[in-house]
Every structure is written in structure tokens, then in C-alpha cells.
Protein chains: 2
Amino acid sequence: MTSQQDLLDTLAQVARALGNGHRLALLERLAQAEASVETLANTAGLTIGNASQHLQQLRRAGLVTAHRSGKQMIYRLTDERIVTLLGLLRQVAETNLAEMERLISRLFADDDAEGALEAVGRDELLAGLTSGEMALLDVRPEEEFEAGHLPEAINIPLAQLEDMLDKLPQDREIVAYCRGPYCVLSHEAVQRLRQLGYRVRRFEEGYPEWKAAGLPVA
Amino acid sequence: MTSQQDLLDTLAQVARALGNGHRLALLERLAQAEASVETLANTAGLTIGNASQHLQQLRRAGLVTAHRSGKQMIYRLTDERIVTLLGLLRQVAETNLAEMERLISRLFADDDAEGALEAVGRDELLAGLTSGEMALLDVRPEEEFEAGHLPEAINIPLAQLEDMLDKLPQDREIVAYCRGPYCVLSHEAVQRLRQLGYRVRRFEEGYPEWKAAGLPVA
DNA sequence: CTTTCATTCAATGAATCACTAGAATGATGG
DNA sequence: CCATCATTCTAGTGATTCATTGAATGAAAG
């Protein structure tokens, strides 16, 4: 009798590990590539000590593992399915919480001001790539790009966008992507490129979702 | 910049709603059928007041909705995908947390003592049903059976098992199922029926998983 | 062996959560 | 209108979570 509740309690511990915005940010970053505590702390905007504690909570919940490399501790996701889990959580939240729509529309407010461009869906992107009408732009930091990216994608980290315009093809529509649906990098890139006259849209997902769907990565 | 973190914080609120064993028990019960606060409190082993508060937390997270029916408040899941979400959480926990295996093996300890019968998987069950070699036994309370069950299943609530043995077919292997992988009802039923000489095994999932997989229900 | 660097551990206070018990609400039936 | 029933709200408690600080650990480099 009671062991059934013990199982649910243990399951609840895992869910509770997901119940903090900073830890979700750490997981989103880890979905791109394994990383050290310092790197993770920086991308999540946390102090090192604080990041370390959150990571340990994730480790206790079985969501990440750690191994030493010299002086650094390298963390990574234990399981590919965690990306799927987070995606499903996102879907459930988006369809059932009004608050989510409000926040999302705020994130997209800038885009709308520019002329209401719909993001590119996965199927449309696949079609555009095979027909040669679209070219992929990865605006994540080089480190994350190196660890894995969509096939044929060009990497221009957002900070160097204006310096590397010559790498962009002129004859195709550009589709920019980054870490995932809530990552602002590709939004920013699309805005800046459109002001420069480029024909460019955003991919509505990111690298982790692409990979978790079993699509080919480089 | 900050609105990205707001989104993750909101997502974390939903995850936190899942981060309590009692609330998971309530959700598991709601995955069977909608129910009143009192019913939910009873199956989850909570006081009415406490159950009410947990349900309201689930409602704030967008996981359940409530409507009045006479004096009663009837709660139900907002979204079919919540079952999938919980299933995925379970899978991730099972493969990455040693603690889970320990608890599961304890839940199965009685079965093993009986002669180590493997539970029936979904594919095997489908094959057994179409070939007519298996018959389905639903051991959940009548109320949950009425709200939906696997096709062709016979309902004998666990409490009345010995009184209704005549309803069981003798010529086929019996496959018992209940609420889900952690539900003890079908374990108990299998044990008792085997002592009576029946050829019977447990279905490794439950009604909600079957339905969420898009398989036909009655 | 000492220093340095990356990370973890331990202790604190503020905030939030879980449970209880009892009062308050809202629909129903006399 | 009054009484009843199901549920929710309120307040108070003890436990847990979170961020911060500074000390402690462990590997590497001089």
C-alpha cells in the first residue's frame, strides 16, 4: 500500500527538480552541449556557487551526470528524453495557461512590429531545405554549434552577426535558429537582418528539439 | 532578456505542481475519470480540505479544470497529454534513478515469489486479443470502468473478486489491468487468482496509457 | 609543498509549502 | 427562510527551498 505512494513521492522529487526557472535554464543549456559549472553559471546568469547547488539537485533527481575533466566538472543530460519531456511540459503549459500566451506574445512583440512574420515550422523547413529554397543560420555561440548542429547550417554567433554578413547566401531565404522556442538569439538575429534587407525568418524550434525528433545532425 | 526567464519561471510553476506525491496520486485518479473532491480525497487518502487545496494548486497550474454539478465540484484533466507527460516523467525517472528500481522491485516482490511472471506488454496484449487467446479483466471500481475501459474487458472490482469468479472465461489466459503501472489493484488480483489456479498475468500499463496511445476504448 | 583555480560544502535568513482545524460560502431540499 | 451538505477560505504551525556568504576540498602547475 505505502510503497505505491513512495513511488509517486520519488517521481515527485524528479518533477520538483524541474520546478525552478533557473534549473530549467540550466537544462536548456545542457540540451545544447555538455558544459562546465562556470559556463553553465554564465549562460544561466547565476553565481558559480548557486549554479553548483542547482546542478547537484538535478543530479540527485537523475537528470544530469557529472564527470571531472582536469579541474573542471563537466555536466551533461543523462537522457535524450529529457528534451522531449521539457517539450511536452511546454506544450501542456502553453495550451492550458493563459499566462503563457501573454508572456509569449510579449516575446514576439518586436517581431510583430516588423511585419508579422510567422516562424517556420519543422515540415516547412524540411521542404525548403531539400528544394534548396532555404539556408540555415545557427546563431548560437561557436561552442554549442561545434557540439552539434542542423545539417548544412552556417554558424554566426549573434555577437559577430554584422561582421560576417558575407557568409550569408543571397539567393535563398535564410532561416535562423538557436537553442529552442524560448531562446531569444534567433529573434534578435531576424530583427537585425531584416533591417539590413535580408529575407529571413525564424525556425520555431531549436537544435535540441530537432535532434530529439531523430532528425540528422552534424 | 528577462521575459525569457519569466517564461521558464511560469513553466517551472507547472512542474512544481507535479512535484508532490499526493498531487500525482490525484492526477492518476483523474486520468481514469473525472471525479468530485470527496471521491478524489478518498482514493488519494487525503482529508477533504487538503485535497481541495491540492486540486486548486493543480488548477492554477492549468492541469485540471473544475465545474459544479449540484453541490459537488467535479474536477477533470484539462489535457489528454498530461497522461503522456506523466508517463514520460516515469520513464526518465525509472532509467536514471536507482531509487526507483529499488521501489519497483519491492512492489513486484510478491509477484516474483509466485513464480516470476512477466507483465504483458502492449503489443503482446494486442496480439493476444485479436487471436482470441487472451481475455481482459478490469479490476478498477465500477465507477472508473463505466467512464471508459479497454474493449471487451470484464469489470470485477477487486473487492468482489471471489464473488464473481463465474464471469471469468476458463478457456483463455486472463490479463488483468487497472489504473497504471504503479497501481496495485492488478498485482493483488493476479496473486489471488493464481492461488485459485487461474492462468492470469498483469498488463504492464493501465487504462490511461492505453487511451493516450490512441487505442480504442469503450 | 605551496599556490592557484574550479567547484563543493556548511550555515544563515527570507520566502514558500504542506497540513490542520475551524469559519465561511453556495447550492439544495424541506 | 432554515438546515444540510460539499467545498473553499483563513490562519497558524512546522518543514522545505532559495540565494548568499565564506570556508573547505581536490586537481594541477610552478
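This is a predicted model: local features need pLDDT of at least 70, side-chain atom pairs count only at pLDDT 80 or more; totals for chains, interfaces and linings use all residues.
## The surface near DNA strand C

In total, 23 residues surround DNA strand C, and the closest are A:E38, A:S52, A:Q56, A:Y75 and B:H54.

Phosphate oxygens of DNA strand C lie 2.2 Å from an N or O atom in the side chain of A:Q56, 2.7 Å from a polar side-chain atom of A:Y75 and 3.2 Å from a polar side-chain atom of B:R23. At least two residues of this surface are supplied by each of α3 (37-44), α4 and β3 (72-77) of chain A and α2 (21-32) and α4 of chain B; helices (H or I, at least four residues) and strands (E, at least two) are DSSP runs, numbered from the N terminus.

## The surface near DNA strand D

DNA strand D is surrounded by 22 residues, the closest being A:H22, A:H54, B:S52, B:Q56 and B:Y75, and the surface near it divides into three nonpolar, 13 polar and six charged residues. A phosphate oxygen of DNA strand D is 2.5 Å from an N or O atom in the side chain of A:H54, while backbone atoms take part at B:V37, with an N or O atom 3.1 Å from a phosphate oxygen, and at B:E38, with a polar atom 3.0 Å from one.

## How the two chains are related

Chain A is superposed on chain B by a rotation of 180° with 0.0 Å of shift along its axis, at an RMSD of 0.0 Å (least squares on the C-alpha atoms of residues with pLDDT of at least 70 in both). That is the relation of a two-fold axis.

## The sheet of chain A

Chain A has an open sheet of four strands in the order β5-β4-β6-β7, with parallel pairing (two strands pair if DSSP finds at least two bridges between them). Because β5 (154-155) and β7 (200-206) of chain A stand at the edges with a single partner strand each, one side of each is left without a neighbour in the sheet. Strands β4 (residues 134-138) and β6 (residues 173-178) of chain A pair over five bridges, and A:D138 stands opposite A:Y177 in β6(A).

## Conventions

Residues are numbered from 1 along each chain as its sequence is written, and chains are lettered from A and ligands numbered from 1 in the order in which they are written. Local features need pLDDT of at least 70 and side-chain atom pairs count only at pLDDT 80 or more, whereas totals for chains, interfaces and linings use all residues, and side-chain values use heavy atoms, with hydrogens and water left out.

Technical notes:
A residue is near a molecule or strand if one of its heavy atoms lies within 4 Å of it. A polar contact is a pair of N or O atoms within 3.5 Å; within protein, one must be able to donate a hydrogen and the other to accept it, and residues adjacent in sequence count only if both atoms are side-chain atoms. Ala, Val, Leu, Ile, Met, Phe, Trp, Tyr, Cys and Pro count as nonpolar, Asp, Glu, Lys and Arg as charged, and the others, Gly among them, as polar.
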